2 protein chains.
Amino acid sequence: MIAQHLSESTEMYLKAMAELSDHDNVVAIARLAERLSVTAVSANEMMRRLGEQGLVTHTPYKGVALTVKGREVACNVVRRQRLWECFLYDHLKIEWSQLYELACSLEHATAPEVTEALDLFLGHPKTCPRGNPIPDADGLFVPLSGIPLSEVEVGKTVRVLAVNATAKDVLKYLFERNLLPGHEVKVIEAAPLQGPLTLRLDGKNKDVALGLSLAEFVVVEENSNQ
Amino acid sequence: MIAQHLSESTEMYLKAMAELSDHDNVVAIARLAERLSVTAVSANEMMRRLGEQGLVTHTPYKGVALTVKGREVACNVVRRQRLWECFLYDHLKIEWSQLYELACSLEHATAPEVTEALDLFLGHPKTCPRGNPIPDADGLFVPLSGIPLSEVEVGKTVRVLAVNATAKDVLKYLFERNLLPGHEVKVIEAAPLQGPLTLRLDGKNKDVALGLSLAEFVVVEENSNQ
DNA sequence: GGGAATAATAAGGTCAACCATATATAAATT
DNA sequence: AATTTATATATGGTTGACCTTATTATTCCC
(Lines give C-alpha, C1' and ligand atoms only; values in the text may rest on other atoms or scores of the structure.)
Protein backbone atom coordinates (compact mmCIF):
# COMPACT_ATOMS: atom_id res chain seq x y z
CA MET A 1 0.00 0.00 0.00
CA ILE A 2 1.53 3.28 -1.15
CA ALA A 3 1.28 5.99 1.44
CA GLN A 4 0.30 9.07 -0.58
CA HIS A 5 0.58 12.32 1.26
CA LEU A 6 -2.42 13.13 3.38
CA SER A 7 -3.21 16.72 4.27
CA GLU A 8 -2.36 18.17 7.64
CA SER A 9 -6.05 18.50 8.27
CA THR A 10 -6.67 14.84 7.55
CA GLU A 11 -3.86 13.83 9.89
CA MET A 12 -5.23 16.03 12.64
CA TYR A 13 -8.69 14.50 12.36
CA LEU A 14 -7.32 10.97 12.44
CA LYS A 15 -5.05 11.72 15.39
CA ALA A 16 -7.88 13.31 17.31
CA MET A 17 -10.00 10.24 16.67
CA ALA A 18 -7.27 7.96 17.99
CA GLU A 19 -6.86 10.13 21.08
CA LEU A 20 -10.58 10.40 21.81
CA SER A 21 -11.73 6.89 21.08
CA ASP A 22 -12.14 4.59 24.05
CA HIS A 23 -13.53 1.05 24.42
CA ASP A 24 -15.62 0.66 21.27
CA ASN A 25 -13.45 2.95 19.14
CA VAL A 26 -16.42 5.14 18.31
CA VAL A 27 -16.22 8.91 18.60
CA ALA A 28 -19.11 11.35 18.44
CA ILE A 29 -18.54 13.86 15.67
CA ALA A 30 -19.44 16.63 18.10
CA ARG A 31 -16.53 15.60 20.34
CA LEU A 32 -14.20 15.67 17.37
CA ALA A 33 -15.43 19.08 16.28
CA GLU A 34 -14.92 20.38 19.79
CA ARG A 35 -11.38 19.02 20.06
CA LEU A 36 -10.39 20.44 16.70
CA SER A 37 -12.17 23.76 17.24
CA VAL A 38 -14.29 23.53 14.13
CA THR A 39 -18.05 23.54 13.71
CA ALA A 40 -20.01 20.29 13.70
CA VAL A 41 -20.90 20.92 10.06
CA SER A 42 -17.24 21.14 9.08
CA ALA A 43 -16.43 17.97 10.98
CA ASN A 44 -19.32 16.21 9.28
CA GLU A 45 -18.11 17.27 5.85
CA MET A 46 -14.62 16.08 6.69
CA MET A 47 -15.92 12.73 7.88
CA ARG A 48 -17.70 12.27 4.54
CA ARG A 49 -14.42 12.95 2.73
CA LEU A 50 -12.44 10.62 4.99
CA GLY A 51 -15.15 8.02 4.58
CA GLU A 52 -14.77 8.19 0.80
CA GLN A 53 -11.05 7.63 1.26
CA GLY A 54 -11.72 4.57 3.38
CA LEU A 55 -10.12 6.02 6.49
CA VAL A 56 -13.20 6.15 8.71
CA THR A 57 -16.67 4.65 8.90
CA HIS A 58 -19.63 6.77 9.85
CA THR A 59 -22.70 5.31 11.46
CA PRO A 60 -25.21 8.18 11.43
CA TYR A 61 -26.37 9.23 14.88
CA LYS A 62 -23.82 6.87 16.43
CA GLY A 63 -20.45 8.32 15.59
CA VAL A 64 -17.36 7.66 13.53
CA ALA A 65 -14.67 5.03 13.88
CA LEU A 66 -11.26 4.54 12.34
CA THR A 67 -10.92 1.80 9.75
CA VAL A 68 -7.86 -0.43 9.85
CA LYS A 69 -6.23 1.84 7.30
CA GLY A 70 -7.29 4.93 9.24
CA ARG A 71 -5.93 3.56 12.49
CA GLU A 72 -2.65 2.78 10.79
CA VAL A 73 -2.29 6.37 9.67
CA ALA A 74 -3.40 7.70 13.05
CA CYS A 75 -0.84 5.58 14.91
CA ASN A 76 1.83 6.81 12.61
CA VAL A 77 0.88 10.43 13.26
CA VAL A 78 0.90 9.79 17.00
CA ARG A 79 4.29 8.12 16.64
CA ARG A 80 5.76 11.15 14.92
CA GLN A 81 4.17 13.50 17.44
CA ARG A 82 5.56 11.69 20.45
CA LEU A 83 9.01 11.12 19.01
CA TRP A 84 9.29 14.84 18.38
CA GLU A 85 8.12 15.50 21.93
CA CYS A 86 11.01 13.36 23.15
CA PHE A 87 13.49 15.19 21.02
CA LEU A 88 12.23 18.64 21.94
CA TYR A 89 12.25 17.81 25.63
CA ASP A 90 15.37 15.70 26.04
CA HIS A 91 17.66 17.40 23.57
CA LEU A 92 16.33 20.87 22.90
CA LYS A 93 15.18 21.43 26.51
CA ILE A 94 11.88 22.90 25.41
CA GLU A 95 9.42 23.71 28.16
CA TRP A 96 7.19 20.75 29.04
CA SER A 97 3.91 22.57 28.50
CA GLN A 98 4.87 23.58 24.97
CA LEU A 99 5.87 20.13 23.78
CA TYR A 100 2.52 19.03 22.43
CA GLU A 101 1.92 22.14 20.40
CA LEU A 102 5.42 22.40 18.94
CA ALA A 103 5.70 18.71 18.16
CA CYS A 104 2.32 18.87 16.49
CA SER A 105 3.52 21.29 13.83
CA LEU A 106 6.56 19.18 13.13
CA GLU A 107 4.71 15.88 12.88
CA HIS A 108 2.95 16.79 9.66
CA ALA A 109 6.21 17.74 7.99
CA THR A 110 8.05 14.56 8.82
CA ALA A 111 8.91 12.05 6.11
CA PRO A 112 9.09 8.33 6.97
CA GLU A 113 12.88 8.22 6.72
CA VAL A 114 13.12 11.09 9.19
CA THR A 115 10.71 9.41 11.59
CA GLU A 116 12.73 6.20 11.63
CA ALA A 117 16.07 7.97 11.88
CA LEU A 118 14.73 10.04 14.74
CA ASP A 119 13.49 6.93 16.53
CA LEU A 120 16.94 5.42 16.22
CA PHE A 121 18.64 8.63 17.34
CA LEU A 122 16.44 8.75 20.43
CA GLY A 123 17.13 5.10 21.24
CA HIS A 124 13.63 3.78 20.50
CA PRO A 125 11.88 5.48 23.40
CA LYS A 126 8.78 3.74 24.76
CA THR A 127 6.96 6.78 26.12
CA CYS A 128 6.85 10.49 25.50
CA PRO A 129 7.52 13.12 28.18
CA ARG A 130 3.79 13.28 28.83
CA GLY A 131 3.92 9.59 29.70
CA ASN A 132 2.01 8.27 26.70
CA PRO A 133 3.26 5.22 24.81
CA ILE A 134 4.95 5.66 21.45
CA PRO A 135 3.67 3.29 18.76
CA ASP A 136 6.44 1.38 17.00
CA ALA A 137 7.01 1.44 13.24
CA ASP A 138 4.17 -1.07 12.82
CA GLY A 139 1.77 1.00 14.90
CA LEU A 140 1.93 -1.33 17.88
CA PHE A 141 2.10 -0.08 21.45
CA VAL A 142 1.16 -1.12 24.96
CA PRO A 143 -1.90 0.90 25.91
CA LEU A 144 -1.83 2.67 29.25
CA SER A 145 -3.50 0.57 31.93
CA GLY A 146 -4.48 3.36 34.25
CA ILE A 147 -7.48 5.31 35.41
CA PRO A 148 -8.16 9.03 35.55
CA LEU A 149 -7.12 10.69 38.78
CA SER A 150 -10.72 11.90 39.04
CA GLU A 151 -11.83 8.33 39.74
CA VAL A 152 -9.38 7.51 42.51
CA GLU A 153 -10.92 6.87 45.94
CA VAL A 154 -10.22 9.33 48.71
CA GLY A 155 -7.33 8.23 50.88
CA LYS A 156 -5.47 6.30 48.21
CA THR A 157 -1.99 7.08 47.00
CA VAL A 158 -1.21 6.53 43.33
CA ARG A 159 1.54 7.25 40.85
CA VAL A 160 0.99 9.42 37.78
CA LEU A 161 1.41 7.49 34.55
CA ALA A 162 0.56 10.09 31.95
CA VAL A 163 -1.05 13.41 31.20
CA ASN A 164 -3.54 13.34 28.37
CA ALA A 165 -4.15 17.02 27.96
CA THR A 166 -3.10 18.83 24.82
CA ALA A 167 -4.02 22.46 25.46
CA LYS A 168 -1.02 24.54 26.44
CA ASP A 169 -2.70 26.34 29.33
CA VAL A 170 -3.90 23.06 30.84
CA LEU A 171 -0.44 21.54 30.49
CA LYS A 172 1.13 24.61 32.06
CA TYR A 173 -1.29 24.45 34.98
CA LEU A 174 -0.57 20.80 35.65
CA PHE A 175 3.17 21.31 35.21
CA GLU A 176 3.22 24.12 37.75
CA ARG A 177 1.56 21.81 40.28
CA ASN A 178 3.96 18.96 39.53
CA LEU A 179 1.25 16.64 38.25
CA LEU A 180 3.72 14.91 35.99
CA PRO A 181 4.46 11.27 35.12
CA GLY A 182 6.31 9.52 37.94
CA HIS A 183 5.05 11.66 40.76
CA GLU A 184 3.05 10.27 43.67
CA VAL A 185 -0.33 11.69 44.49
CA LYS A 186 -2.48 11.06 47.54
CA VAL A 187 -6.14 12.02 47.29
CA ILE A 188 -6.85 13.77 50.57
CA GLU A 189 -10.37 14.90 49.89
CA ALA A 190 -13.01 15.11 47.18
CA ALA A 191 -15.36 18.05 47.53
CA PRO A 192 -19.06 17.31 46.90
CA LEU A 193 -21.00 18.47 43.83
CA GLN A 194 -18.18 17.86 41.36
CA GLY A 195 -15.96 20.00 43.54
CA PRO A 196 -12.17 19.95 43.38
CA LEU A 197 -9.91 17.24 44.72
CA THR A 198 -7.41 18.00 47.41
CA LEU A 199 -4.12 16.30 46.63
CA ARG A 200 -0.85 15.70 48.41
CA LEU A 201 2.10 15.39 46.07
CA ASP A 202 5.16 13.24 46.77
CA GLY A 203 4.39 13.19 50.48
CA LYS A 204 5.02 16.92 50.77
CA ASN A 205 3.22 19.10 53.23
CA LYS A 206 1.63 21.61 50.94
CA ASP A 207 -1.64 20.36 49.43
CA VAL A 208 -2.98 21.12 45.99
CA ALA A 209 -6.58 21.68 44.88
CA LEU A 210 -7.46 20.35 41.45
CA GLY A 211 -10.76 20.67 39.55
CA LEU A 212 -12.37 17.40 38.58
CA SER A 213 -12.28 18.04 34.85
CA LEU A 214 -8.57 18.75 35.09
CA ALA A 215 -8.09 15.58 37.12
CA GLU A 216 -9.61 13.63 34.22
CA PHE A 217 -6.53 14.45 32.15
CA VAL A 218 -4.21 12.85 34.68
CA VAL A 219 -3.88 9.08 34.22
CA VAL A 220 -2.67 7.18 37.29
CA GLU A 221 -1.88 3.54 38.00
CA GLU A 222 -4.85 1.56 39.17
CA ASN A 223 -3.39 -0.50 42.02
CA SER A 224 -2.59 1.79 44.89
CA ASN A 225 -0.54 1.26 48.03
CA GLN A 226 -2.27 1.59 51.42
CA MET B 1 7.42 43.90 14.93
CA ILE B 2 5.18 40.92 15.60
CA ALA B 3 5.90 37.99 13.30
CA GLN B 4 2.48 36.68 12.37
CA HIS B 5 2.46 33.32 10.73
CA LEU B 6 3.14 33.41 7.01
CA SER B 7 1.94 30.61 4.79
CA GLU B 8 4.27 27.89 3.60
CA SER B 9 3.76 29.19 0.11
CA THR B 10 4.82 32.68 1.11
CA GLU B 11 7.93 31.34 2.82
CA MET B 12 8.85 29.30 -0.23
CA TYR B 13 8.55 32.30 -2.53
CA LEU B 14 10.67 34.46 -0.24
CA LYS B 15 13.30 31.78 0.19
CA ALA B 16 13.49 31.20 -3.56
CA MET B 17 13.97 34.92 -4.07
CA ALA B 18 16.82 34.98 -1.57
CA GLU B 19 18.45 32.00 -3.25
CA LEU B 20 18.07 33.31 -6.78
CA SER B 21 18.91 36.98 -6.30
CA ASP B 22 22.42 38.02 -7.17
CA HIS B 23 24.12 41.42 -7.33
CA ASP B 24 21.19 43.81 -7.63
CA ASN B 25 18.79 41.62 -5.63
CA VAL B 26 16.33 41.57 -8.51
CA VAL B 27 14.78 38.33 -9.72
CA ALA B 28 12.78 37.84 -12.90
CA ILE B 29 9.36 36.48 -12.06
CA ALA B 30 9.81 33.86 -14.76
CA ARG B 31 12.88 32.51 -12.91
CA LEU B 32 10.91 32.33 -9.70
CA ALA B 33 8.03 30.54 -11.38
CA GLU B 34 10.46 28.07 -12.87
CA ARG B 35 12.18 27.36 -9.55
CA LEU B 36 8.89 26.86 -7.76
CA SER B 37 7.29 24.87 -10.58
CA VAL B 38 4.31 27.14 -10.96
CA THR B 39 3.08 29.10 -13.96
CA ALA B 40 4.22 32.66 -14.54
CA VAL B 41 0.64 33.80 -13.95
CA SER B 42 0.58 32.21 -10.50
CA ALA B 43 3.92 33.72 -9.60
CA ASN B 44 2.69 37.12 -10.74
CA GLU B 45 -0.43 36.84 -8.61
CA MET B 46 1.64 35.84 -5.64
CA MET B 47 4.01 38.76 -6.16
CA ARG B 48 1.04 41.12 -6.10
CA ARG B 49 -0.07 39.61 -2.77
CA LEU B 50 3.42 39.75 -1.28
CA GLY B 51 3.72 43.31 -2.55
CA GLU B 52 0.55 44.27 -0.68
CA GLN B 53 2.08 42.76 2.45
CA GLY B 54 5.21 44.83 2.00
CA LEU B 55 7.47 41.83 1.54
CA VAL B 56 8.56 42.46 -2.05
CA THR B 57 8.65 45.27 -4.55
CA HIS B 58 7.74 44.68 -8.17
CA THR B 59 9.08 46.81 -10.95
CA PRO B 60 7.07 45.73 -14.01
CA TYR B 61 9.15 44.27 -16.79
CA LYS B 62 12.21 44.39 -14.54
CA GLY B 63 11.57 41.90 -11.80
CA VAL B 64 10.90 41.62 -8.09
CA ALA B 65 13.12 42.33 -5.10
CA LEU B 66 12.83 41.60 -1.42
CA THR B 67 12.08 44.53 0.86
CA VAL B 68 13.96 44.81 4.15
CA LYS B 69 11.09 43.04 5.86
CA GLY B 70 10.94 40.40 3.13
CA ARG B 71 14.65 39.75 3.36
CA GLU B 72 14.38 39.37 7.10
CA VAL B 73 11.76 36.67 6.70
CA ALA B 74 13.69 35.00 3.90
CA CYS B 75 16.88 34.84 5.97
CA ASN B 76 14.95 33.32 8.80
CA VAL B 77 13.52 30.66 6.52
CA VAL B 78 16.98 29.91 5.17
CA ARG B 79 18.27 29.72 8.74
CA ARG B 80 15.68 27.14 9.70
CA GLN B 81 16.28 25.16 6.52
CA ARG B 82 20.03 24.94 7.04
CA LEU B 83 19.88 24.22 10.74
CA TRP B 84 17.59 21.29 10.00
CA GLU B 85 20.01 20.13 7.31
CA CYS B 86 22.74 20.05 9.92
CA PHE B 87 20.61 18.08 12.33
CA LEU B 88 19.41 15.61 9.72
CA TYR B 89 22.91 15.01 8.46
CA ASP B 90 25.02 15.07 11.62
CA HIS B 91 22.62 13.41 14.02
CA LEU B 92 20.07 11.47 12.03
CA LYS B 93 22.57 10.36 9.35
CA ILE B 94 20.17 11.18 6.55
CA GLU B 95 21.53 10.79 3.02
CA TRP B 96 23.19 13.97 1.77
CA SER B 97 21.12 14.27 -1.37
CA GLN B 98 17.87 14.18 0.58
CA LEU B 99 18.78 16.86 3.07
CA TYR B 100 17.42 19.83 1.19
CA GLU B 101 14.04 18.30 0.50
CA LEU B 102 13.50 16.87 3.97
CA ALA B 103 14.71 19.98 5.77
CA CYS B 104 12.45 22.05 3.56
CA SER B 105 9.31 20.41 4.88
CA LEU B 106 10.44 20.87 8.46
CA GLU B 107 11.43 24.51 8.09
CA HIS B 108 7.84 25.71 7.69
CA ALA B 109 6.73 23.92 10.83
CA THR B 110 9.41 25.32 13.07
CA ALA B 111 8.54 27.83 15.77
CA PRO B 112 11.12 30.46 16.80
CA GLU B 113 11.83 28.79 20.15
CA VAL B 114 12.57 25.52 18.36
CA THR B 115 14.84 27.26 15.88
CA GLU B 116 16.90 28.84 18.62
CA ALA B 117 17.01 25.71 20.77
CA LEU B 118 18.11 23.73 17.72
CA ASP B 119 20.84 26.24 16.97
CA LEU B 120 22.10 25.90 20.52
CA PHE B 121 21.88 22.11 20.41
CA LEU B 122 23.92 22.04 17.21
CA GLY B 123 26.55 24.37 18.66
CA HIS B 124 25.76 27.38 16.45
CA PRO B 125 26.98 25.90 13.18
CA LYS B 126 28.26 28.35 10.59
CA THR B 127 27.50 26.33 7.46
CA CYS B 128 25.12 23.59 6.39
CA PRO B 129 26.28 20.25 4.94
CA ARG B 130 25.89 21.74 1.48
CA GLY B 131 28.46 24.35 2.42
CA ASN B 132 26.14 27.34 2.54
CA PRO B 133 26.32 29.83 5.40
CA ILE B 134 23.66 29.78 8.10
CA PRO B 135 22.27 33.22 8.93
CA ASP B 136 22.34 34.01 12.65
CA ALA B 137 19.27 34.93 14.68
CA ASP B 138 19.48 38.47 13.31
CA GLY B 139 19.69 37.28 9.73
CA LEU B 140 23.37 38.10 9.37
CA PHE B 141 25.79 35.81 7.59
CA VAL B 142 29.05 35.93 5.67
CA PRO B 143 28.16 35.46 2.01
CA LEU B 144 30.14 32.88 0.08
CA SER B 145 33.01 34.47 -1.75
CA GLY B 146 33.37 31.94 -4.50
CA ILE B 147 32.73 31.45 -8.18
CA PRO B 148 30.87 28.72 -10.06
CA LEU B 149 33.02 25.79 -11.10
CA SER B 150 31.81 26.47 -14.64
CA GLU B 151 33.88 29.65 -14.68
CA VAL B 152 37.18 28.22 -13.53
CA GLU B 153 40.03 28.32 -16.05
CA VAL B 154 41.31 25.08 -17.46
CA GLY B 155 44.31 23.83 -15.55
CA LYS B 156 43.46 25.38 -12.23
CA THR B 157 42.88 23.45 -9.03
CA VAL B 158 40.24 24.75 -6.65
CA ARG B 159 38.44 23.66 -3.52
CA VAL B 160 34.67 23.19 -3.42
CA LEU B 161 32.98 25.63 -1.04
CA ALA B 162 29.33 24.82 -1.51
CA VAL B 163 26.72 23.18 -3.65
CA ASN B 164 23.82 25.40 -4.55
CA ALA B 165 21.53 22.84 -6.12
CA THR B 166 18.24 21.94 -4.51
CA ALA B 167 16.80 19.23 -6.76
CA LYS B 168 17.29 15.76 -5.32
CA ASP B 169 18.46 14.16 -8.55
CA VAL B 170 21.05 16.88 -9.12
CA LEU B 171 22.30 16.55 -5.55
CA LYS B 172 22.48 12.79 -5.91
CA TYR B 173 24.45 13.11 -9.13
CA LEU B 174 26.97 15.48 -7.59
CA PHE B 175 27.22 13.41 -4.43
CA GLU B 176 28.01 10.26 -6.38
CA ARG B 177 30.86 12.09 -8.07
CA ASN B 178 32.18 13.48 -4.79
CA LEU B 179 31.61 17.08 -5.78
CA LEU B 180 31.12 18.04 -2.16
CA PRO B 181 32.31 20.91 0.04
CA GLY B 182 35.96 20.48 1.00
CA HIS B 183 37.04 18.42 -1.97
CA GLU B 184 39.70 19.53 -4.43
CA VAL B 185 38.91 19.76 -8.12
CA LYS B 186 41.29 20.30 -11.02
CA VAL B 187 39.74 21.40 -14.30
CA ILE B 188 41.47 19.23 -16.87
CA GLU B 189 39.56 20.24 -19.95
CA ALA B 190 36.56 22.27 -21.09
CA ALA B 191 34.88 20.92 -24.19
CA PRO B 192 33.86 23.53 -26.79
CA LEU B 193 30.27 24.55 -27.53
CA GLN B 194 29.13 24.48 -23.90
CA GLY B 195 30.44 20.97 -23.65
CA PRO B 196 31.20 19.23 -20.38
CA LEU B 197 34.18 19.86 -18.15
CA THR B 198 36.65 17.13 -17.42
CA LEU B 199 37.60 17.18 -13.76
CA ARG B 200 40.14 15.46 -11.55
CA LEU B 201 39.00 15.06 -7.94
CA ASP B 202 41.35 15.10 -4.96
CA GLY B 203 44.32 14.24 -7.17
CA LYS B 204 42.87 10.84 -7.98
CA ASN B 205 43.48 9.11 -11.26
CA LYS B 206 39.95 8.65 -12.47
CA ASP B 207 38.54 11.73 -14.20
CA VAL B 208 34.97 12.93 -14.13
CA ALA B 209 32.93 14.60 -16.85
CA LEU B 210 30.50 17.25 -15.72
CA GLY B 211 27.99 19.22 -17.81
CA LEU B 212 28.38 22.99 -17.66
CA SER B 213 24.94 23.67 -16.21
CA LEU B 214 25.67 21.21 -13.43
CA ALA B 215 29.03 22.87 -12.83
CA GLU B 216 27.18 26.14 -12.23
CA PHE B 217 25.76 24.69 -9.05
CA VAL B 218 29.20 24.01 -7.62
CA VAL B 219 30.71 27.02 -5.89
CA VAL B 220 34.50 26.97 -5.54
CA GLU B 221 37.04 29.27 -3.94
CA GLU B 222 38.30 31.95 -6.26
CA ASN B 223 42.03 31.95 -5.55
CA SER B 224 43.50 28.74 -6.86
CA ASN B 225 46.88 27.15 -6.31
CA GLN B 226 49.06 26.52 -9.39
C1' DG C 1 -45.95 8.58 22.74
C1' DG C 2 -44.35 13.15 22.42
C1' DG C 3 -41.20 16.75 22.91
C1' DA C 4 -36.41 18.23 23.74
C1' DA C 5 -31.97 17.64 22.63
C1' DT C 6 -28.75 16.03 19.48
C1' DA C 7 -27.16 14.85 14.85
C1' DA C 8 -27.20 15.14 9.91
C1' DT C 9 -27.84 17.37 5.59
C1' DA C 10 -28.75 21.05 2.29
C1' DA C 11 -27.58 25.47 0.27
C1' DG C 12 -24.65 29.04 -0.38
C1' DG C 13 -20.35 31.77 0.85
C1' DT C 14 -15.18 32.79 1.76
C1' DC C 15 -10.27 32.39 1.10
C1' DA C 16 -5.61 31.02 -0.53
C1' DA C 17 -3.25 29.13 -4.05
C1' DC C 18 -3.28 27.16 -7.92
C1' DC C 19 -4.68 26.52 -13.18
C1' DA C 20 -5.66 27.91 -18.49
C1' DT C 21 -6.56 31.07 -22.13
C1' DA C 22 -6.51 35.50 -24.06
C1' DT C 23 -5.07 40.10 -24.55
C1' DA C 24 -2.20 44.08 -23.73
C1' DT C 25 2.20 46.20 -23.10
C1' DA C 26 7.10 46.81 -22.85
C1' DA C 27 11.78 45.30 -24.33
C1' DA C 28 14.95 43.51 -27.35
C1' DT C 29 16.47 42.45 -31.90
C1' DT C 30 16.85 42.85 -36.59
C1' DA D 1 10.73 51.42 -37.39
C1' DA D 2 8.91 46.93 -37.29
C1' DT D 3 8.77 42.59 -35.56
C1' DT D 4 9.63 39.14 -32.23
C1' DT D 5 9.88 37.85 -27.60
C1' DA D 6 9.13 38.49 -22.82
C1' DT D 7 6.23 40.12 -19.40
C1' DA D 8 1.89 41.59 -17.35
C1' DT D 9 -2.91 41.57 -16.64
C1' DA D 10 -7.80 40.30 -17.19
C1' DT D 11 -11.17 36.72 -16.85
C1' DG D 12 -12.93 32.69 -15.29
C1' DG D 13 -12.32 28.01 -13.20
C1' DT D 14 -10.84 24.42 -9.53
C1' DT D 15 -9.90 22.44 -4.95
C1' DG D 16 -9.71 21.86 0.11
C1' DA D 17 -11.11 23.33 4.25
C1' DC D 18 -13.45 26.18 6.49
C1' DC D 19 -17.91 29.15 7.63
C1' DT D 20 -23.32 30.42 8.54
C1' DT D 21 -28.07 29.58 8.41
C1' DA D 22 -31.79 26.75 7.69
C1' DT D 23 -34.22 22.24 7.62
C1' DT D 24 -34.80 17.39 8.46
C1' DA D 25 -34.01 13.14 10.93
C1' DT D 26 -33.15 10.44 15.05
C1' DT D 27 -32.50 9.37 19.77
C1' DC D 28 -33.38 10.01 24.50
C1' DC D 29 -36.02 10.76 28.39
C1' DC D 30 -40.12 11.99 30.98
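Which strands of chain A does helix H7 (residues 168-176) lie across? The legends below take up this question within a predicted model, in which local features need pLDDT of at least 70, side-chain atom pairs count only at pLDDT 80 or more, and totals for chains, interfaces and linings use all residues. Residues are numbered from 1 along each chain as its sequence is written, chains are lettered from A in the order in which they are written, and side-chain values use heavy atoms, with hydrogens and water left out.

**View 1. Helix H7 of chain A against its strands.** Helix H7 of chain A lies across S5, S8 and strand S9 (218-221) of chain A. Its direction runs at about 160° to S8(A) (axes are lines fitted to C-alpha atoms, for helices over the stretch in contact, and angles run from 0 to 180 degrees between N-to-C directions). Helices (H or I, at least four residues) and strands (E, at least two) are DSSP runs, numbered from the N terminus.

**View 2. The open sheet of chain A.** Six strands form an open sheet in the order S4-S9-S5-S6-S7-S8 (chain A), with antiparallel pairing; two strands pair if DSSP finds at least two bridges between them. Strands S4 (146-148) and S8 (207-210) of chain A stand at the edges, each with a single partner strand, so one side of each is left without a neighbour in the sheet. From one strand to the next, the twist averages 45°.

**View 3. The pairing of S5 and S6 in chain A.** Strand S5 (residues 157-163) and strand S6 (residues 184-190) of chain A pair in the antiparallel sense over three bridges. A:Arg159 has A:Glu184, in S6(A), as its bridge partner.

**View 4. The interface between the domains of chain A.** The domain assignment, which is automatic or from a database, gives domain 1 (1-142) and domain 2 (146-221) of chain A. Eleven residues from domain 1 and twelve residues from domain 2 of chain A take part in the contact (heavy atoms within 4.5 Å). The two domains of chain A bury about 1000 Å² between them, 61% of it on carbon and sulfur atoms; buried area is the accessible area (1.4 Å probe) that two parts lose on being put together, summed over both. A:Trp96, A:Ser97 and A:Arg130 supply 52% of the area that domain 1 of chain A buries against domain 2 of chain A, more than any other three residues.

**View 5. A salt bridge in chain A.** The side chains of A:Glu101 and A:Lys168 meet in a salt bridge (3.6 Å, N to O), defined as a side-chain nitrogen of Lys or Arg within 4 Å of a carboxyl oxygen of Asp or Glu.
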